[in-house]
Structures are given as C-alpha cells and as structure tokens.
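Notebook open, structure loaded. I'm jotting down what I look up as I go.

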Amino acid sequence: MKCLSVSFILLHPITSFILPSNPPSTFSLSTSTLESPATRPDVTPPLAPLTIWGDKVDDIKQQQKQTGDVEFTRVINWDSVDYDGDEMEWISANAMSIKDSMILNGAVIFRNFNTMKTQPGFVKFYETLGMNPCLDPLHSVSARPTIEGKGSAVYEAVNKESRKNFFIGMHNEFVGTRAPRAAAFVCFKAAEEGGEFLIADGRKIFKELDPDLLERLYKRSIRYSVMELPFFGWVDNMPSFMQGGLMGAIKGVASAAINAKVDFSVELLEQFGGYDNTRLLQARAPSQPPVVRHPVSGEPTWFCNVHSHSSVLRKQREELYGKEKFEDGASQINKSDMYYGDDGDLSPSDLSHLDAVTKSNIQYIKMTEGDVVLLDNYKCMHGRNVFDGTRKHGVAWFGGWEGEEEQKRKEWKF
C-alpha cells in the first residue's frame with residue numbers, strides 16, 4: 001500500500017493553504033517600506049471570531065423585495081480634507097464616523113495618506129481607528145506569510161509571481177467556522193499593470209439575484225468542496241474484494257489527519273475525475289446558508305463564495321487569463337467547487353446567472369502606495385485582478401472594533 005504522507009491542501013475563499021510541517025517564510029518588503037514592527041511582539045492577536053450566521057430569514061423573497069439601495073463605499077481623499085493637523089489626529093477625531101461608514105457603506109477607501117505607506121504606519125492607522133486585529137482565519141494551518149514574522153498581525157496579500165494570472169474571484173473571508181468581522185487592505189507598491197483590488201456589495205448582489213434561484217439556494221443551503229486528493233488510481237489495480245476496505249481505511253486516516261488540523265468537520269467523499277477519470281477523495285465542508293444577517297445592522301447580505309469556488313467559473317476565467325502557475329504540484333489538490341447543501345449540482349444556467357450578477361457589481365480599485373480599503377467582511381466581498389510586475393499589498397483582519405456595542409444599539413436605516 002502506498003504511504004499517505006501527502007501535504008493536504010485546502011482551498012478557502014481567497015487562496016489555498018497547506019498543512020505544513022514547518023511554518024512558512026515571512027513576507028518582507030524593502031527596508032524603505034517596512035521597518036521594525038509596530039505591533040507589540042509579546043502580544044499575539046486572538047483567533048478570528050466564529051462566523052455569525054444571524055437569525056433565519058423566514059421569507060427570503062419578501063426580504064429581497066424590501067432591500068433598499070445604499071451608496072456603496074465612502075472615499076476619503078486626504079487631499080480634499082479641510083484639516084491642518086496630523087493625519088492620525090484627524091483619523092482619531094473621526095474614528096466613529098469612519099466605522100459607521102464601514103457598516104453603512106460596506107467599505108471606506110482612503111487615498112493620498114502618507115502614514116500608511118509603511119507597515120508601522122499602517123498599524124498606527126488601524127490602532128488609531130480602534131480596530132482590534134485578529135489572526136488570519138488560516139492560522140491553524142500557518143498558510144499565509146506575515147509581515148515581520150510570527151507575531152505580526154499584518155499578512156501578505158496574494159502577490160506571488162506564480163499567481164499573477166490567477167483572477168481571484170469575489171468572496172467573503174471565512175474558513176470553516178471562523179470569519180473576521182472586518183479587514184483593511186493596504187498598498188505598499190502597486191503592480192506595474194493590473195492587480196486592482198476588487199470589491200462588491202453583497203447587499204446589492206442579494207437584491208439583484210433571480211428570486212427563484214435565491215430561494216432555492218437558501219432553502220437547500222450550500223456546501224463547498226475544499227480539496228481533492230487524486231492519488232488513489234492504484235486501488236483499481238487491487239483485487240475487487242479489497243478495494244472497498246482499502247478506501248475505507250484510507251478515508252479514515254485522511255479524515256482524522258485533516259480534522260485534527262482544522263476546526264470544522266470535513267467529510268471525504270469518494271469520486272472519479274480528471275482527464276483519466278481516476279479515483280479520488282473530495283473533501284467537503286458542512287452545509288451553510290448563502291445569505292446571513294449582518295451582526296450589527298441585521299440586514300440580509302449575500303455571503304456565498306460561489307464566484308471564487310465554482311470550478312466551472314474558475315475554468316472559464318482560466319480560458320481568459322491562463323492557468324495558475326503553481327510550482328509545487330499543488331494544482332493536483334488545489335481544487336474547489338460549490339454544491340447545494342444536499343450535494344446536488346448547480347446548473348450551468350444558475351452558475352451563469354450568479355457569475356453575471358457578481359461581475360456586474362465588481363468595482364476595480366486601483367490602489368497606489370499608502371492607499372487603504374477598510375471593509376466590512378460581511379457586507380463587502382473582495383477579490384484581485386490579474387497583474388504584471390511586482391505587487392506588494394498587505395492585509396490586517398479584525399475581530400471587532402471599539403464602539404461596536406454602541407453601534408448595535410443604533411437604529412440603522414437603509
């Protein structure tokens with residue numbers, strides 16, 4: 001029997017992650033951009049908070065009809081701010097207004113600030129704003145490189161050369177049971193071409209989806225396939241009476257290894273696929289709703305990563321931009337997909353509609369050095385365009401912020 005000493009790779013809404021034996025290398029920029037870490041090295045941020053699904057939406061079609069229009073994004077351009085003092089003094093004085101805008105508008109875009117051009121300045125920005133950093137949702141598998149080492153709360157965005165022609169589909173950041181409440185994406189260096197940061201309003205997508213499809217998805221729930229292990233064609237060469245027992249044992253060992261590493265239950269399903277229809281194991285996460293109520297405002301919002309996870313939509317984008325240039329063989333395992341919660345397939349017409357509605361709501365944000373996009377992770381989906389050149393962007397995740405309880409007591413009107 002072949003040994004199962006494979007590195008399990010799970011795909012989450014933004015990028016793949018490996019269950020490594022050693023921690024990844026850290027992300028570093030030039031000394032002109034990154035200086036000594038501004039975070040306290042003796043303080044480790046908490047885990048990303050558990051996902052808040054909110055109360056059930058009893059009549060999803062009626063709720064969709066009642067969804068109003070809210071201006072998506074607020075832009076704060078320092079060149080247009082009438083203030084003679086320090087940038088961070090202004091941020092401090094307007095912190096609650098900015099965080100209210102994050103809730104109301106889904107995202108706040110900061111342009112032409114000098115403070116956030118360095119990593120320490122970026123940290124000073126979100127600390128002044130009163131944001132509470134948390135660990136990356138992928139922390140348990142040590143996948144995403146951090147800036148300035150293990151204690152940093154600022155992570156590398158998807159900048160690698162091998163992924164430059166991979167269009168990162170629209171998604172909310174969550175892995176299994178954990179989802180940051182908010183995030184801040186910062187540009188330390190823009191790519192020479194492309195590489196725009198992409199955002200979309202989940203409330204607008206919710207409003208524009210076909211009502212029958214929305215109801216069907218909500219009633220049946222959704223389920224993600226997070227990886228494939230295509231290593232078991234050799235089992236077909238074994239005597240038929242042995243194959244069932246072998247695959248049962250393999251699934252047991254693989255399930256135990258994966259579930260010991262992540263904090264959500266993964267079910268391994270035996271499938272056949274690939275160009276040679278080989279035997280494989282597909283890991284599927286538990287079912288979940290595609291629409292959630294916002295933790296503060298209570299609004300229903302689209303919280304479904306079909307645009308990034310669907311294998312059909314991903315292959316369509318590969319025809320436009322080319323395949324991802326993996327260098328470590330991960331492409332054999334790094335395959336995601338989305339199904340109904342009962343494991344049924346979405347039809348081509350349904351996927352086409354979901355893709356069209358999502359794409360019609362994407363805003364391409366060309367960021368320059370020091371620009372930051374502060375977003376509400378429950379209302380604002382994000383992604384990344386393909387690029388050429390050198391791209392250096394970072395991200396910090398937040399489990400909450402100062403003033404959140406006060407916001408929950410407000411009456412939000414939309």
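**Entry 1: ground rules.** I'm working with a predicted model, where local features need pLDDT of at least 70, side-chain atom pairs count only at pLDDT 80 or more, and totals for chains, interfaces and linings use all residues. Residues are numbered from 1 along each chain as its sequence is written, and side-chain values use heavy atoms, with hydrogens and water left out.

**Entry 2: strand E10 and its partners.** I started by looking up who stands opposite whom. Ala-200 faces Met-381 in strand E19. E19 covers residues 380-384, and it pairs with E10 in the antiparallel sense over 5 bridges. (Strands pair if DSSP finds at least two bridges between them; strands are DSSP runs of E, at least two residues, and helices are runs of H or I, at least four, numbered from the N terminus.) E10 also has 3 bridges to strand E17, residues 363-365, again antiparallel. There, Leu-198 has Tyr-364 as its bridge partner.

**Entry 3: is E10 buried or exposed?** I found 5 of the 5 residues of E10 (197-201) buried, so the strand is largely enclosed by the rest of the structure. Buried means under 20% relative accessible area, exposed over 50%, and partly exposed in between, with a 1.4 Å probe and protein chains only. Next I checked the directions: Phe-197, Ile-199 and Asp-201 point one way, Leu-198 and Ala-200 the other.

**Entry 4: the holes.** How many cavities of 30 Å³ or more are there? I noted 3. A cavity, on a 1 Å grid over the protein atoms alone, is a set of points where a 1.4 Å probe fits but cannot get out. Points are joined across faces, edges and corners, and volume is the space filled by probe spheres set on the points. The largest cavity comes to about 80 Å³. It has 11 lining residues (an atom within 4 Å of a point), and Phe-197 is among those nearest its centre, along with Ala-157, Phe-185, Gly-383 and Arg-384. E19 gives the largest share of that lining, 3 residues.

**Entry 5: cysteines.** I counted 0 disulfides, taking one as a pair of cysteine sulfur atoms within 2.5 Å. Cys-304 is buried at 1% relative accessible area, and Cys-380 is buried at 0%.

**Entry 6: the whole chain.** I listed 11 helices and 21 strands. Of the 414 residues, 56% count as buried.

Definitions and conventions: On a 1 Å grid over the protein atoms alone, a cavity is a set of points where a 1.4 Å probe fits but cannot get out, and a pocket is an open set with protein on both sides within 12 Å along at least five of seven lines; lining residues have an atom within 4 Å of a point.
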